[in-house]
Amino acid sequence: MVMTTHDEKMRTVRFRVDDTAHISVDGEKCKSCAVRACVTVCPAGLFVPLDDGSVLFNYEQCFECGACYFVCTQEGAIRWTYPRGGFGVTFRES
Amino acid sequence: MHIAVCLSRLPDPNTVEVDPLTGAVDASRMLYILNPADAAALERALQLRAPEDRVTALTVGPAEADSILRDALAVGADDVLRVWEEGRTSTRPAVTALLLATALRTTELPDMLLCGTRSLATGSGKVPALIAEYLDWPVVTDIVDFTLQGSMVRFLRRLAKGARSEGEVMLPAVLAVEAGAAALRYAGLPDLMKAKRAAIPVQDLSELGLSPVDLNFPAPTAQATMPPYRRPREIFVPEASLPPHERVLQVMSAGIAQKSGRIVSGSPEQAADQIIAFLADRGFVDRAG
Amino acid sequence: MAVNGGSEHFDVIVVGAGPAGSAAALIAARAGLSVALIERGEYPGAKNVSGAVFYGSAILNKLIPGWWEQAPVERHVCRRDLVLMSPTTSVSLDFRSSAAGYSEPPYNGFTILRPKFDRWFAAQAEAAGAFLLTSAVVDDVIKEDGQVVGVQVRRDMGELRGDVVIACDGANSWLARKAGLQRELHTHELSLGVKEVIGLDEATIRERFQLTGDEGVALEYVGAVTDSVHGGAFLYTNRDSLSLGILGQLSSLVEHKKRPYDLLEAFKAHPAVAPLVRGGTLREYSAHLIPEAGWNMVPTLYGDGILVAGDAAGFCLATGIYIEGINYAIQSGLAAGTAAVEACRRQDFTRYSLMKYMELLYQRNVLTDLRAYRHAPAFVNGERLQNVYPELAARISESLFRVAGDRKQKLLPLYWQTLQQVGTKPRHVLKDLYHVARAYLW
Ligand SMILES: Cc1cc2nc3c(=O)[nH]c(=O)nc-3n(C[C@H](O)[C@H](O)[C@H](O)COP(=O)(O)OP(=O)(O)OC[C@H]3O[C@@H](n4cnc5c(N)ncnc54)[C@H](O)[C@@H]3O)c2cc1C
Ligand code: SF4
Ligand code: SF4
């Protein structure tokens, strides 16, 4: 299969998930954000907008690319760092 | 006290891809990890270690397996040993167990041997029992927690369906722990660097006083049995003859009936016969056996 | 090896085992220095994504003669196509060369897969004597009196000291920012690349792309492929897989609210691409940032005790038509490694001593190239090159090649007419021609 859903894409990637999150999002801050840039750019689709205006985020399948960090304009909404050495995404062929 | 820990390096199940047509595994896409249950065993050993104690990590495997021994050194193992016969491509549980037991005998018998209760790869869980057999030690598997009191170990085992059992065993013993028993610590930088530079000692068959014939075990008969099959899923349909409200009640119960057990009694022989008859009725075994 | 505050001391600490870092470590280790090469991935390349065509074969050949014989390369690139796309058609400019540089050693370019290539390249640095430490993420530099004297690794007792720190930590370089050498980057200076490796058997690849032996092609796409988003797409042949992906400017993705993976799917479904990927199976999906602003985002490249190289320094030439980053990463890594070696000889690690790096970068053409193409990014990301011209070219050729019974139009009237259809004024075309010339010729 060449055409793939986002889920199928993510299933080809290997993650070693650390117990603590390397990125955290303050959903309260997102309530006053109109752009929701993170939702658009995240290549792993990890940001989910909620009905109450906040944003749900799960760090486990993160590519560590930094796109969300750069596009977010809300001061303090995203706390961003790399996972501990040896954890996180591991590409095999890219 | 001297604690030995057996480790195994195996493919991360998330990276094992089986071709649906040929059944072949794509080895080039596999990444290897330390078996999670073994990692838990190593952590328990490190937690148990008093200042005068010693922790030795062993593995059976080719040169690539050095990496897990380095990981063990980095988190605090005092010694490591890799056992391997050059040219080998795989080992069966019996061979792994024989090599480990012999290595422990020829170097120094520990007071306690810890290992993971089963590997993710084969999941057979035979190795701890077989090592115990070779060493003539007691073995306790499926340990979720244990404490040491002098030379006695009090343990908590996991049974099926969430049940637990407690017990005691005197050292020396083989203790096989579950993956969830502990999370392996993260190595500090100086130790990580030291481990990276360490030379990993290796022993081959001759150093263990074994010959290749010693590793020739008859092919396991288990391979001759039928692969397990999944029973077709039964879809619940309410009985058409019932009045509507009864059917609705049936639907709402989702067809779940209380699971029932049966207790067999009598002499062991009679009980065995009953169990065999029960299994045979449901097609699990041949009645002849 | 001196002991400093209880922790080990190195002459050079290189952060990041990508092409820049491994090159720096290799050259410094060969000069006899004690070198630590620190990588946060489980292995070098574990976190890295490129297209990739590697255009630095000749440079590497000087370092490791005949490197491609031992390295994990996929195919040598013998053909490059630039494809201009409208939503339904495409026009391709075909650069096929049988010139010696393409088809004979050391070849012009190779397709590579980074997790494999980076692992091999870091092993070369290790073999030269560098100390490679994986699974170690560097959080910050250690400064004393304004001088960088080491790095802080996120592990217990994670202080590591060295005379020169070389930051090769890639596009999102925390180190350059923490050391105060780089400002926060803007979203129009960064592109997001999303990529797929699609498995396809060797015979099919050869037949489909008309290749023999280890020959490979590089196809680069602009225009409707990224919808209205500023960016491009690529498709490269590996041995038994295809690498394909799209690149989109971050600010533009946000502006047009386009999700990168949706663009990727649209790309694969485009009539010009679908037949090329048909029958393949997805092997891996990945994503990474690319520094796109070229000259304008280059940080301060040297400080007291620190140098910045590779993507961390913005040394990536993304002219829209192609991305060259790996070759510049290696070139700048070599320059930084050499500058560190000379500083060690002088035992002077101040910025005045490390300034030698600039001279070496010019010698290796890194800065000259970047300067020469400094107008390219703005032009490439301009509206007309991104969307209007590809459409224009596609429409014109569509009309030209369509056999419809009516009289064939002369080229010039057709051109004017089409221009009007896509809403562009001749004046703009002339202006852009000037920009093209300025970006690529002067
Ligand atoms: C989709 C895409 C396609 C591309 N196509 C091409 C192409 O075809 N040809 C080409 O030449 N270039 C291409 N590039 C550009 C190329 O990938 C980069 O220019 C190149 O990788 C830069 O090399 P580098 O060593 O500077 O950085 P990187 O390759 O990014 O290496 C940085 C290394 O540092 C490590 N690291 C980062 N932070 C830390 C830390 N804090 N502690 C420890 N380690 C750390 C990372 O894990 C990584 O290994 C492409 C890029 C992308 C995203
Ligand atoms: S862009 Fe920033 S503030 Fe806006 S929703 Fe995303 S994380 Fe929240
Ligand atoms: S770093 Fe990249 S992959 Fe991870 S959450 Fe941010 S945008 Fe998504």
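**Interfaces and ligand sites of the predicted complex**

The domain assignment divides chain B into domain 1, spanning 2–215, and domain 2, spanning 244–281. In this model, which is predicted rather than determined by experiment, the C-alpha centres of domain 1 of chain B and domain 2 of chain B are separated by 40 Å.

The contact between chain C and chain A may be described next. On the side of chain C, 57 residues take part, and these touch 43 residues of chain A. The size of an interface is often expressed as the accessible area that is lost when the parts come together. By that account, chain C and chain A bury about 4200 Å² between them, and 56% of this area falls on carbon and sulfur atoms. Within chain C, the residues that lose the most area to chain A are C:R40, C:E284 and C:Y285, which together account for 15% of what the chain C side buries. Polar and charged pairs also occur across this interface: 8 salt bridges are found between chain C and chain A, and 25 residue pairs, both members being at pLDDT 80 or more, are in polar contact. One of the salt bridges joins C:R283 to A:E93, with 2.9 Å between the closest N and O atoms.

A:E93 also takes part in a salt bridge with chain B, where its partner is B:R29 and the closest N and O atoms are 2.6 Å apart. The count of salt bridges between chain A and chain B is 3, and 5 residue pairs, again with both members at pLDDT 80 or more, are in polar contact across this interface. Classified by residue type, the side of chain A that touches chain B comprises 1 nonpolar, 3 polar and 4 charged residues. The contact as a whole draws 8 residues from chain A and 7 residues from chain B. About 750 Å² is buried between chain A and chain B, with 47% of it on carbon and sulfur atoms. On the chain A side, A:R14, A:R84 and A:R92 lose the most area to chain B, and together they make up 66% of what that side buries.

Two ligand sites were examined. Ligand 1 is surrounded by 40 residues, of which the closest are C:E39, C:S50, C:V53, C:R114 and C:D311. Because the residues that surround ligand 1 come from chains A and C, the site is shared between chains. The side chain of C:R114, in turn, places an N or O atom 2.6 Å from an oxygen atom of ligand 1.

Ligand 2 is surrounded by residues of chain A, namely A:C30, A:C33, A:R36, A:A37, A:C38, A:V55, A:C72, A:Q74, A:A77 and A:I78. By class, this shell around ligand 2 holds 8 nonpolar residues, together with 1 polar and 1 charged residue.

Conventions
Residues numbered from 1 in each chain as written. Chains lettered and ligands numbered in written order. Predicted model: local features only at pLDDT ≥ 70, side-chain atom pairs only at ≥ 80, totals over all residues. Heavy atoms only, no water. Contact = heavy atoms within 4.5 Å. Buried area = accessible area lost by both parts, 1.4 Å probe. Salt bridge = Lys/Arg side-chain N within 4 Å of Asp/Glu carboxyl O. Polar contact = N/O pair within 3.5 Å; in protein donor to acceptor, adjacent residues only side chain to side chain. Nonpolar A, V, L, I, M, F, W, Y, C, P; charged D, E, K, R; others polar. Near = heavy atom within 4 Å. Domains from an automatic or database assignment.
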